[in-house]
Amino acid sequence: MLTVAPDIEVLARFGRALADPIRCRLLLALHQAPAYPSDLADALGISRTRLSNHLACLRDCGLVVTVPDGRRTRYELADERLGDALEALRTAVVAVETDRTCPDAETEGCC
């Protein structure tokens, strides 16, 4: 059964998904068009196993859904508005001091 997540949980899930560059690339690719895992793996230049792990994370975060298509499964964004959010984030101006990273960069893999 699907439920609607509370606002803070939605933001946390989105943040978790965007914390990895491969997942960011996946979301941007799916924003362009729904796709099959084999095509996504080829486009991103990663193994299908690695892709599968990232797609599972995105499904768990509620950002992508699977759509049966004959004997294959296609992936797409769970809500078309996620594409608008991705575009807004991608084009936002972020002020970054080039000589600094966040305090958790080494342990958390951020920044």
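The protein exposes about 8000 Å², and carbon and sulfur atoms supply 52% of that area. The model is predicted. Of its 111 residues, 25% count as buried.

**Overall layout**
- The protein has six helices and two strands.
- From the N terminus, the order of elements is α-α-α-α-β-β-α-α.
- Among contacts with a separation of 6 or more, 52% join residues 24 or more positions apart.

**Nonpolar core**
- The largest nonpolar core holds 22 residues.
- Leu26, Leu27 and Leu63 touch the most other members of this core.
- Helix 1 (7-18), helix 2 (21-32), helix 3 and helix 4 each supply at least two core residues. So do strand 2 (72-77) and helix 5 (81-91).
- Leaving aside residues up to four places away in sequence, Leu26 touches Leu40, Leu44, Leu51, His54, Leu55 and Leu58.

**Helix 3 against helix 4**
- Helix 3 spans residues 37-44, and helix 4 spans residues 48-60.
- The two pack at an angle of about 110 degrees, with their axes 9 Å apart.
- Angles of 65 to 115 degrees count as roughly perpendicular, and helix 3 and helix 4 are therefore roughly perpendicular to each other.
- On the helix 3 side, the contact involves Pro37, Ser38, Leu40 and Ala41. These meet Arg48, Leu51 and Leu55 in helix 4.
- The residues of this contact divide into five nonpolar, one polar and one charged.
- Leu40, Leu51 and Leu55 belong to this helix 3 and helix 4 contact, and Leu26 touches each of these three leucines.

Technical notes: Residues numbered from 1 in each chain as written. Predicted model: local features only at pLDDT ≥ 70, side-chain atom pairs only at ≥ 80, totals over all residues. Heavy atoms only, no water. Axes fitted to C-alpha atoms, helices over the stretch in contact; angles between N-to-C directions. Helix = DSSP H or I, 4+ residues; strand = E, 2+ residues; numbered from the N terminus. Parallel < 35°, antiparallel > 145°, perpendicular 65-115°, else oblique. Contact = heavy atoms within 4.5 Å. Nonpolar A, V, L, I, M, F, W, Y, C, P; charged D, E, K, R; others polar. Buried < 20%, exposed > 50% of the residue type's maximum accessible area, 1.4 Å probe, protein only. Areas by Shrake-Rupley, 256 points an atom, 1.4 Å probe, with all protein chains shown as cover. Core = buried A, V, L, I, M, F, W, Y, C linked by side-chain atoms within 4.5 Å.
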